[in-house]
Amino acid sequence: MKAFVTGGTGFIGSSIVRELLKADYEVRALVRQGADTRNLDGLEIERVQGDITDIDSLRRAMVGCERVFHAAALYSFWVREPGLIDLVNVEGTRNVLEVAREMGVDRVVYTSSVAALAVPEEKAPVTEEMPVDPKKIISGYKKSKYRAEQVALGYARAGLPVVIVNPSFPVGPRDIKPTPTGEVILDFINHRIPAYVETGMNVVDVEDVARGHLLAADKGRIGERYILGGEDMTMGELLGLLSEIAGIPAPRAKIPYYPILGMSYLNAAWCHLTGTTPRMTPETIRMSRHYMYYDPTKAIRELGFPQTSPRVALEKAVSWFREHN
C-alpha cells in the first residue's frame with residue numbers, strides 16, 4: 001500500500017514515515033523547496049517537491065496513493081507575516097483534503113492538535129466530546145488548528161474518509177526545529193531555566209503518536225477525533241523528571257504570573273523592533289494559566305493506542321539532543 005505524507009521532514013511527520021516503513025508501506029513524502037531534510041536522510045522513500053499551499057503540486061504528488069497522512073503545519077506562537085498561519089494550517093489542510101477527495105483515497109488521517117479541543121478548566125482532563133468555545137481559544141496557532149479541524153470535520157460529513165488525531169505534547173527524537181515543547185527540554189539541559197512558571201501539560205512519546213496515526217488509519221471511525229496523549233504532569237514534575245534523567249539540578253523558584261506577563265509584553269515589543277524571536281510571548285504566558293490536561297482513554301480503548309512512560313520518552317529526547325548538539 002502506498003502512503004502520501006505531508007510534513008514528513010518534521011518532528012511528528014518523520015516518526016510517521018518510520019512507522020509506515022516498519023509496516024511495509026511504500027512512502028511518498030511531500031518536501032518543500034529548501035526544507036531541512038535531515039529527518040528523512042537514509043530512508044527508502046520517494047520524495048516529491050511541493051507545498052500544501054500549492055494545490056497543483058499536491059495533485060501531482062498524490063497520484064497513486066491510497067492513504068494520506070496530513071501532518072504538515074506551522075507550529076509557532078510567533079509569526080511575523082500576517083495571515084501565514086491560516087494560509088498554511090487552514091487553507092493548506094483544505095487543499096490536502098480536496099485533492100484526497102479528487103483522488104478517491106481510501107483513508108485520510110489528519111494531524112490536528114489538542115489545541116483544537118476545549119480549553120481546560122481547573123485541572124480536569126479534556127475529552128474529545130467536550131464542547132469547544134472558540135472565543136476562549138488563546139493564540140493564533142491554536143485558533144488556526146481549531147479552524148482547520150472544522151474543515152476536516154466538514155469533509156468527513158461530506159463523505160471523505162477522514163479520521164482526526166489530536167496529539168498532546170509529544171517528546172522524543174528528531175525534534176530538529178525544536179518544537180515549543182522540545183525547546184523546554186533543550187533549554188533545561190543547556191542550563192537556561194533558572195526559574196519557571198507553574199502550569200500543566202500532557203506528555204506523550206512522539207513514537208507512540210506516530211503509531212497512533214497508523215492505528216487511526218486501520219481502526220479509527222470516520223469523522224471521529226482521537227486524543228493521542230500520555231500522562232498529565234505539572235511543569236515542576238516535568239523539570240524534576242528531566243533533572244533525574246539529565247543529572248542537572250531542577251530550578252526551585254516559581255515566577256508569579258503577573259510579573260512574567262508584563263515582561264512578556266516588553267519582550268515581544270523588543271523583538272518586534274529588532275526582528276528577533278521572543279523567548280516568551282503574552283499568548284504563551286496566558287496559556288500557562290490553564291493546566292493542559294487531556295484524557296486519551298478513547299484512543300486507548302478504540303485504537304489500542306500505546307502508553308510509553310514519560311520517563312522513557314524524555315530519556316530519548318535528552319539523548320537525541322545531546323547526541324546531535
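Author: A salt bridge is a side-chain nitrogen of Lys or Arg within 4 Å of a carboxyl oxygen of Asp or Glu. The model is predicted, so local features need pLDDT of at least 70 and side-chain atom pairs count only at pLDDT 80 or more, while totals for chains, interfaces and linings use all residues. Residues are numbered from 1 along each chain as its sequence is written, and side-chain values use heavy atoms, with hydrogens and water left out.

Reader: What makes Lys298 and Glu224 a salt bridge?
Author: Their side chains meet at 2.5 Å, N to O, and the limit is 4 Å, so the pair counts. The two residues lie in distant parts of the chain, 74 residues apart: Lys298 in helix 10 (residues 297–303), Glu224 in the loop between helix 6 (206–219) and strand 10 (225–228). Helices here are DSSP runs of H or I with at least four residues, strands are runs of E with at least two, and both are numbered from the N terminus.

Reader: How do you know whether Lys298 is buried or exposed?
Author: Buried means under 20% relative accessible area, exposed over 50%, and partly exposed in between (1.4 Å probe, protein chains only). Lys298 has 6% relative accessibility, so Lys298 counts as buried. Glu224, at 23%, is partly exposed.

Reader: Which residues are linked with Lys298 in a network of salt bridges?
Author: The network links Glu129, Arg221, Glu224, Lys298, Arg301 and Glu302. The count for the model comes to 24 salt bridges.

Reader: Why is Asp187 called buried?
Author: Asp187 has 10% relative accessibility, so Asp187 counts as buried. The side chain of Asp187 forms a salt bridge with that of Arg192 (2.8 Å, N to O). Arg192, at 43%, counts as partly exposed.

Reader: What makes Lys135 exposed?
Author: Lys135 has 75% relative accessibility and therefore counts as exposed. Its salt-bridge partner is Asp133, at 3.5 Å, N to O. Asp133 is partly exposed, at 29%.

Reader: Why are helix 1 and helix 6 called oblique to each other?
Author: The axes of helix 1 (residues 11–22) and helix 6 cross at roughly 60° and come within 8 Å. Axes are lines fitted to C-alpha atoms, for helices over the stretch in contact (heavy atoms within 4.5 Å), and angles run from 0 to 180 degrees between N-to-C directions. Under 35 degrees counts as roughly parallel, over 145 as roughly antiparallel, 65 to 115 as roughly perpendicular, and the rest as oblique. Helix 1 and helix 6 are therefore oblique.
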